[in-house]
Amino acid sequence: MSRTGAIALAPRVQRIKPSPSMVARDRARQLQAEGRDVVDLTAGEPDLDTPKHIRAAAAAALEAGATRYTPVNGTPALRKAIIEKLARENGVRYAMNEISVGGGAKQVIYNAFAATLGAGDEVIIPAPYWVSYPDMVEACDGTPVIVSCGENAGFKLSAEALEQAITPRTRWLILNSPCNPTGAFYSAAEIGALTEVLVRHPHVAVMTDDIYEHIRFDGGATPCIVAVEPRLQERTLLVNGVSKTYAMTGFRLGYGAGPAELISAMNTIQSQSTSCTSAISQAAATAALEGDQGFVTEAREMYRLRRDRAVAMLNDIPGLSCLPPDGAFYVFPSCAGLIGKTTPAGKILKTDLDVVMHFLDAAGVAVIDGTAYGMPSYLRMSIATSLPKIEEACTRLARTCAALR
Ligand SMILES: Cc1ncc(COP(=O)(O)O)c(C=O)c1O
């Protein structure tokens, strides 16, 4: 218990921190509000409008009176659309009581950890990771076990590294493919190597965060772990949502597919926190999953052009080096070549966070430090912004880096 103010705070609040990407974005917005010209590359959401037919479905639902609570686990229409999507796109079969709908993939992941973790329970998280995983685990009394997967490993977890990380206390492995922040995705063969290990450790459950599954620059389908190894279905939670694929972040809608007992426990947690996500969002998500998928291909092509330009421009800047990401909408360049350099004001850049602050102050470009993602000496830059803005940011960074000594 902390007594810094009139109201004491719980220990779990002291274990966790606000999402760093939100902090960086807020800081960039604050500078913009003060009149500074900042190119903001911190966003974790599409800059595109939600497709028209989805907005129309939301409006129609509102007019038709979808203004009340829905079942905790989601409307039957949406769960049916999810089941059909999983069969059609991922080749896996689920029943109505094996689907849980929540307020974003984020809430679904949180519900799963809250429903399963106790003190000392371990969750294996390959780094670089999405910033929220370790904090969510800690908020639910668990222990994050971070396995560093560097650039040489393609930023991916190997079977050997997984084997070494498993202990009798391991409850979950979480996999995110394509990955935020690196864009790396696991091929069917790479997933197969991991499932060989997992089959030998029946006490380990698997959570796959598939939120970027459709943003793959080669246009290929992202393999689903349950399709690769059906024996894992009874201990896998597939997490997905509509935020990134259909530019629907503000709708707050995600879903999980997993064994009925787990799903039921997650629903119980949700029933005592938010009850259900918005009825209007559920109608919109049903339209997104069932409707025309043309937007998905168009958006992917747009991100691919931006990725190609960003990677080319960043690799021309001495001190930065950037692997082309396979998917998602971020680039993750190494800034190791800038560490140890001195700014024109005489400050030595000792860490990636120093680089981030210098980029913000000297170039007016907002990015996020790799340390926030468990991988120091890297930077995460969002390409979910227009090509001119990406080019402007890279031009400014080139100038700023050239002035370092
Ligand atoms: C890897 C990953 N998982 C989950 C989420 C959360 O998605 P949602 O909007 O569905 O909560 C994000 C959002 O940034 C993400 O990057």
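A: The crossing of α4 and α11 is left-handed, that is, the near helix is turned anticlockwise from the far one by less than a right angle (clockwise would be right-handed). Helices here are DSSP runs of H or I with at least four residues, strands are E runs of at least two, and both are numbered from the N terminus. It's a predicted model: local features need pLDDT of at least 70, side-chain atom pairs count only at pLDDT 80 or more, and totals for chains, interfaces and linings use all residues. Residues are numbered from 1 along each chain as its sequence is written, and side-chain values use heavy atoms, with hydrogens and water left out.

Q: OK, which residues of α4 and α11 make the contact?
A: From α4 they are A77, L78, A81, I82, E84, K85 and R88, and from α11 Q282, A285, T286, L289 and E290. Contact means heavy atoms within 4.5 Å.

Q: Switching topic: what's the strand order in the open sheet?
A: β2-β8-β7-β6-β5-β3-β4, seven strands with mixed pairing. Strands pair if DSSP finds at least two bridges between them.

Q: And which are the edge strands?
A: β2 (99–102) and β4 (143–148), each pairing on one side only.

Q: How do β2 and β8 pair?
A: Antiparallel, over four bridges; I99 has A257 of β8 as its bridge partner.

Q: What about Q270, buried or exposed?
A: Buried, at 0% relative accessible area (buried is under 20%, exposed over 50%, partly exposed in between, with a 1.4 Å probe and protein chains only). Q270 sits in helix α10 (residues 260–271), and its contacts beyond four places in sequence include V101, G102 and N111.
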